[in-house]
Amino acid sequence: MTKLGTPPPASDVTPEPLYLRRREFVRNAALFTATSAGAGGSLLWLMSGRRAGKKSSRSKGNPVDLPVARQGTESTNESRTPYRDVTTYNNFYEFGTDKSDPAELAGTLRPRPWTVRVDGEVQKPQVIDLDQLLGWFPLEERVYRMRCVEAWSMVIPWLGFPLGDLLRRVEPTSRAKYVAFTTLFDPEQMPGQQRRVLDWPYVEGLRIDEAMHPLTLLAVGLYGKTLPNQNGAPLRLVVPWKYGFKGIKSIVGIRLVEAQPPTTWNLAAPHEYGFYANVNPAVDHPRWSQATERRIGELRRRPTLPFNGYAEQVAGLYAGMDLREFF
Amino acid sequence: MRRARPLPWLKPGVVVGALVPLGAILLRAWRGELGANPIAQALNQLGLVALVFLVAALACTPLKTLFGWTWPIRLRRMLGLFGFFYGLLHVSTYTVLDQGLDWRAVWADVTKRKFIYVGASTFVLLVPLAVTSTSGALKRLGYARWKRLHRLAYVATVLGVIHFLWRVKRDVREPIVYGTVLAVLLLVRLGTYLRVRLAASAN
């Protein structure tokens, strides 16, 4: 034990240059840490799409179980894309342009109460409450392949009823040649609509024979439960042989019309997105190939099938048409 | 006593910071946190980080011009090389993981799709710059020739921004941000150039 007042021997005293270097070392270590943290943190921030300012708004209400009356005969038995992937990775520009945005931000959508106006060239135009609509048709589960125009795909067990059943009920007139669909327009519920990335509201269309085709589905659920907001609650279109963007979400209007209606992506980039948008490995998107796709969850790309594998059922609809021209 | 190099913490700090994105991507991939389409996510993020470094390397000289800072110049080579490094990872992810080394598909993409063609050009232009980034190469080439060659960095970075811009489907905000920053940096250089020319003609 060193006695107080006794100076340590001279040999124990740290030489002054070394003493100064120790302080310098501590200082440099601190600056090094700050520099690496600053540089690394900035890079992480840039990688995150600088989304710190975005307010997260996940859906509060959990999807509830829906009664499934029957299994659709057209279902594929390919392995289903996990629920988590189906509900966290999709495009729904009404909530942002990133594929993770809808799951993060769709909590502001209120899927009830909800009405759908069905009008135009029909004998019985009407505004239908969604719960009333659900009572009209037994719900079927249909496991469909979903091919996005961006060359990725999923297998999704939808729950819904054929669009044709609804159209027959409102009795189309002989002038009804096309069906035009409209998404809700409400920038408060759909914050992505506050910016004009697309011409809001989102609109889509089908030829009447496509709309009446038994594969064409109005979906109200997936995986046995009501649609999560981010997947187009409470009512969306599913046309499995067409690219995903034809599947308009959160529908408030269905109008039967005589002339081919405008469609949102076609308006945005006419040379990239056609009215028909049938899945076709032989017709590339101008900026990428459509010959192959990545099934979500798989490593290797797989070949894309004509009409997304539904050619047998739907190719007849397009007999005699040049699908390069009508892409 | 030998005077220590000034700012000895600067380069090591930037090196560690520059490796953070790679570490984050690997960690997220390992933990399955890259989302439903991890290859596309990694591809996009590596490309973005590459572009950030290319723009940062071009920011060094304008920072000296505007604020008189000389320390960024000492980082310039390293920033450019990190741009090449992340560009290489981006290109490897595309060819190996995304396309599964299907060289015919890769070739078709490069020749048929202008955004991939532009991206590939960016990378090809960076190769000679990375190769001649050493002090030895500078001596062998001579400063004037070396400098002329390394002006390709401007071309490559402009092409990198165009590659980004043409890739996005509709929301061009992010590429526009990078394009704007790059435009400002090039304007500062143009200003320097014009001042030098004016001064020369005044004499």
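Me: With which residues is Trp158(A) in contact, leaving aside its neighbours within four places in sequence?

Reply: In this predicted model, Trp158(A) is in contact with Arg142(A), Tyr144(A), Leu217(A), Ala219(A), Leu222(A) and Val238(A), once its neighbours within four places in sequence are left aside. Each of these counts as a contact because the C-beta atoms, placed from the backbone, lie within 7 Å.

Me: What makes Trp158(A) part of a nonpolar core?

Reply: Trp158(A) belongs to the largest nonpolar core, which has 69 residues. Trp158(A), Val179(A), Phe181(A), Ala219(A) and Leu222(A) are those with the most contacts inside it. Strand S5 (residues 152-162) of chain A gives the largest share of this core, six residues.

Me: Which residues does the second, separate core include?

Reply: The second core has 36 residues, and Ala56(B), Leu75(B), Phe84(B) and Phe85(B) are included in it. Membership requires burial, and a residue is buried if 20 or more other C-beta atoms lie within 10 Å of its own. In chain B, buried residues make up 29% of the 203 residues.

Me: What is the secondary structure of chain B?

Reply: Chain B comes to nine helices and zero strands. From the N terminus on, its elements therefore read α-α-α-α-α-α-α-α-α. The C-alpha trace of chain B spans about 60 × 45 × 35 Å along its principal axes.

Me: What makes up the side of chain B that touches chain A?

Reply: The contact takes 30 residues from chain B and 30 residues from chain A. On the side of chain B, helix H1 (10-30), helix H2 (38-67) and helix H4 (103-112) each supply at least two residues. The largest share, 10 residues, comes from H1(B).

Me: How do the residues on that side of chain B divide into nonpolar, polar and charged?

Reply: They divide into 19 nonpolar, six polar and five charged. Asp, Glu, Lys and Arg count as charged, so the five charged residues on this side are of those types.

Conventions. Residues are numbered from 1 along each chain as its sequence is written. Chains are lettered from A and ligands numbered from 1 in the order in which they are written. This is a predicted model: local features need pLDDT of at least 70, side-chain atom pairs count only at pLDDT 80 or more; totals for chains, interfaces and linings use all residues. Two residues are in contact if their C-beta atoms, placed from the backbone, lie within 7 Å. Helices (H or I, at least four residues) and strands (E, at least two) are DSSP runs, numbered from the N terminus. A nonpolar core is a set of buried Ala, Val, Leu, Ile, Met, Phe, Trp, Tyr and Cys residues joined through C-beta atoms within 7 Å. A residue is buried if 20 or more other C-beta atoms lie within 10 Å of its own, exposed if 12 or fewer, and partly exposed in between; C-beta atoms are placed from the backbone.
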